[in-house]
Amino acid sequence: MKWFNTLSHNRWLEQETDRILDFGKNAAVPTGFGWLGNNGQIRSDMGTHLWITARMLHVYAVAANMGRPGAYALVEHGINALNGPLRDKQHGGWYACVNDEGVIDASKQGYQHFFVLLGAASAVTTGHPQARKLLDEAIEVIERYFWSEDEQMCLESWDEAFSKTEDYRGGNANMHAVEAFLIVYDVTHDRKWLDRALRIASVIIHDVARKGEYRVNEHFDTNWNPIRDYNIDNPAHRFRAYGGTPGHWIEWGRLMLHLRAALEARFETPPEWLLEDAKGLFHATIRDAWAPDGADGFVYSVGWDGKPIVRERVRWPIVEAMGTAYALYTVTGEAQYEAWYQTWWEYCIKYLMDYENGSWWQELDTNNEVTTKVWDGKQDIYHLLHCLVIPRLPLAPGLAPAVAAGLLDSQAK
């Protein structure tokens, strides 16, 4: 069967995109975008997180470019939140979490700031009059505090006043930096963002992960030496899980193919290892994490021996896996990647898609029943957008710029 680049499959993706976008509109709260529970209602006890608000700005920028009525208003809502309740007007940057009463977490997290960068860059593509100023301010914060010229990598976090940074260096934050840098490049055409993305990928993937059978290490010291036992006592951490997080391995693969395509669009010859390592990451994820205990689904984390640690099936890894399967098919034309894509959609239809309460379940147990060990709720729709829109686009430019350029479904036959 052929699904990729067919009008019929793309129509199905379009319908699911609209269902997800309709669900996500419920997240708008006065302070930004809130944490959605499993029934689609706001979890007010969770506060308003910077990463959710910034990601939803990105989502609805894409939706606005798709011509979805109401999406542009949500872009404006997201920009207003980043210019208002979430912004630290004294020290600069953005608070990690707020609520209606004020600031809950005043720390300055790199992971979250890279989503501000992504959201602002995506918003620029909608033509919103405040978006470019927001992007310029985000770039200034990243340049000043999170991009280390000495290390040529990104720092992890700061305190409220940007006076003390962590000794820890994180692969997850740097991965999302690569994601944001690619869109900033598309918007600004400043080559340094591609150079930085390539540098980060070369360190974390080509220098370290490749030597460890593509089991990506995400925890490093200040000299970028892997810390292999980090969080061994808290293996199910949402952002810094112990061991390997295979969902990130396969997500890295897609980002590296976007980077490769961006270089090719400049009529440059990208390093061969971008494709080689993307393939390696894809197949390592299947090798270690797909149905290792007999039941279908990707386990959340594995040890350095490749054996499962946290066996719950969280939704974002399979979503990212589908995007990477499409990217590898686009580059190689190999049928195996479309076959995996179809296998994973069959799984999602059977277990993850929630037609009663909306959106998709966030987490399943080893029997593929709904559980909440790692995640409770359906926080946002950022990852879901990727598996629904990316398989209808070329690999460069990136998501929001490509949709703004009218490239959606351009490859369908």
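Let's start with Asn231, which sits in the loop between strand E11 (219-220) and helix H8 (246-265). Keep in mind that this is a predicted model. The phi of Asn231 is near 60 degrees, a positive value in a residue other than glycine. As a rule, most residues other than glycine have a negative phi, and most peptide bonds are trans.

You'll find Phe162 in the loop between strand E9 (157-158) and strand E10 (169-170). With a relative accessible area of 7%, Phe162 is buried. Then there is a cis peptide bond, with omega about 0 degrees, joining Ala396 and Pro397. Pro397 belongs to the loop between H12 and helix H13 (399-404).

## The whole chain

Zooming out, the protein chain has 13 helices and 13 strands. Its radius of gyration is 20 Å, close to the 22 Å from the globule rule for 413 residues, so the chain is as compact as a globular protein of that length. Along the principal axes, the C-alpha atoms of the chain fill a box of roughly 55 × 50 × 50 Å.

Of the 413 residues, 62% count as buried. Take the contacts with a separation of 6 or more: residues 24 or more positions apart account for 66% of them.

Strands of a sheet pair through backbone hydrogen bonds, either parallel or antiparallel. Here, three strands make an open sheet in the order E3-E4-E5, and the pairing is antiparallel. The edges are strand E3 (48-49) and strand E5 (102-105), each of which pairs on one side only.

Look at strand E4 (residues 97-99), which pairs with E5 over three bridges in the antiparallel sense. Asn99 has Gly102 in E5 as its bridge partner, and Val98 stands opposite Val103 in E5. The link from E4 to E5 is a hairpin, through two residues.

Helix H12 (residues 382-389) is largely enclosed by the rest of the structure, because eight of its eight residues are buried. The buried residues include Tyr382, His383 and His386, along with Cys387. Leu384, Leu385, Leu388 and Val389 are also among the buried residues of H12.

Asn367 lies in the loop between strand E13 (363-364) and H12. Is Asn367 buried or exposed? Asn367 is exposed, since its relative accessible area is 57%, and the cut-off for exposed is over 50%. The C-alpha atoms of Asn367 and Arg313 are separated by 9.3 Å, while the two residues are 54 residues apart along the chain.

Gln342 has its place in helix H11 (residues 335-352). Why does Gln342 count as buried? Its relative accessibility is 10%, and buried means under 20%.

Which residues is Gln342 in contact with, leaving aside its neighbours within four places in sequence? Met1, Lys2 and Trp3 are the ones in contact with Gln342.

Methods: Residues numbered from 1 in each chain as written. Predicted model: local features only at pLDDT ≥ 70, side-chain atom pairs only at ≥ 80, totals over all residues. Heavy atoms only, no water. Helix = DSSP H or I, 4+ residues; strand = E, 2+ residues; numbered from the N terminus. Rg over C-alpha atoms; globule rule 2.2 N^0.38 Å. Buried < 20%, exposed > 50% of the residue type's maximum accessible area, 1.4 Å probe, protein only. Contact = heavy atoms within 4.5 Å. Pairing = 2+ DSSP bridges.
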